[in-house]
Amino acid sequence: MFTVCALYHFTRFDDPAPLRDPLLDLCRTQKITGTLLLAHEGINGTVAGPAAGIEAVLAHISALPGCAALEWK
């Protein structure tokens, strides 16, 4: 069974590039598929996968600078 999660959060990432690989590695490890866009303005995306994997990805994103108030559906 898959869980689908849509999320966005506006925050300032001075350099989003270094955030990409750890997040991508986590998604692969947790069997999460979908799209996450990291930009200077924040993060946006929709992902799907096992509930535990979604929770791990959300925890990772919430721990990024400025993302503690991440909202998702």
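The model is predicted.

**Exercise 1. Check the span of helix α2**

Solution: 

**Exercise 2. Find the two sides of α2**

Task: Sort residues of α2 into buried and exposed, then say where the buried ones lie.

Solution: 
- Step 1. Buried means under 20% relative accessible area, and exposed means over 50%.
- Step 2. List the buried residues of α2. They are Gly 53, Ile 54, Val 57, Leu 58 and Ile 61.
- Step 3. Look around the axis. These residues cover an arc of only 135°, so they sit on the same side of α2.
- Step 4. Turn to the face pointing away from the buried side. Ala 52 and Glu 55 are exposed there.
- Step 5. Ask what the buried residues pack against. Their partners are β1, α1 (17–29), β2 (33–39), β3 and β4.

**Exercise 3. Trace the partners of strand β1**

Task: Which strands pair with β1, and in what sense?

Solution: 
- Step 1. Start with β3. Strand β1 (residues 3–10) and strand β3 (residues 42–49) run antiparallel, joined by eight bridges.
- Step 2. Pick a pair. Phe 10 has Gly 42 of β3 opposite.
- Step 3. Move to β4, residues 71–72. Two bridges link β4 to β1, again in the antiparallel sense.
- Step 4. Leu 7 has Trp 72 in β4 as its bridge partner.

**Exercise 4. Describe the salt bridges**

Task: How many salt bridges does the whole structure hold? Are the residues in them buried, partly exposed or exposed?

Solution: 
- Step 1. Count. The search finds two salt bridges.
- Step 2. Take Asp 14 and Arg 12. Their closest N and O atoms are 3.6 Å apart.
- Step 3. Check accessibility. Asp 14 has a relative accessible area of 63%, so Asp 14 is exposed. Arg 12, at 56%, is exposed.
- Step 4. Take Asp 21 and Arg 20. Here the closest N and O atoms are 2.9 Å apart.
- Step 5. Check accessibility again. Asp 21 is partly exposed at 43%. Arg 20 is partly exposed at 48%.

Key. Residues numbered from 1 in each chain as written. Predicted model: local features only at pLDDT ≥ 70, side-chain atom pairs only at ≥ 80, totals over all residues. Heavy atoms only, no water. Pairing = 2+ DSSP bridges. Helix = DSSP H or I, 4+ residues; strand = E, 2+ residues; numbered from the N terminus. Buried < 20%, exposed > 50% of the residue type's maximum accessible area, 1.4 Å probe, protein only. Arc of directions from axis to C-beta. Contact = heavy atoms within 4.5 Å. Salt bridge = Lys/Arg side-chain N within 4 Å of Asp/Glu carboxyl O.
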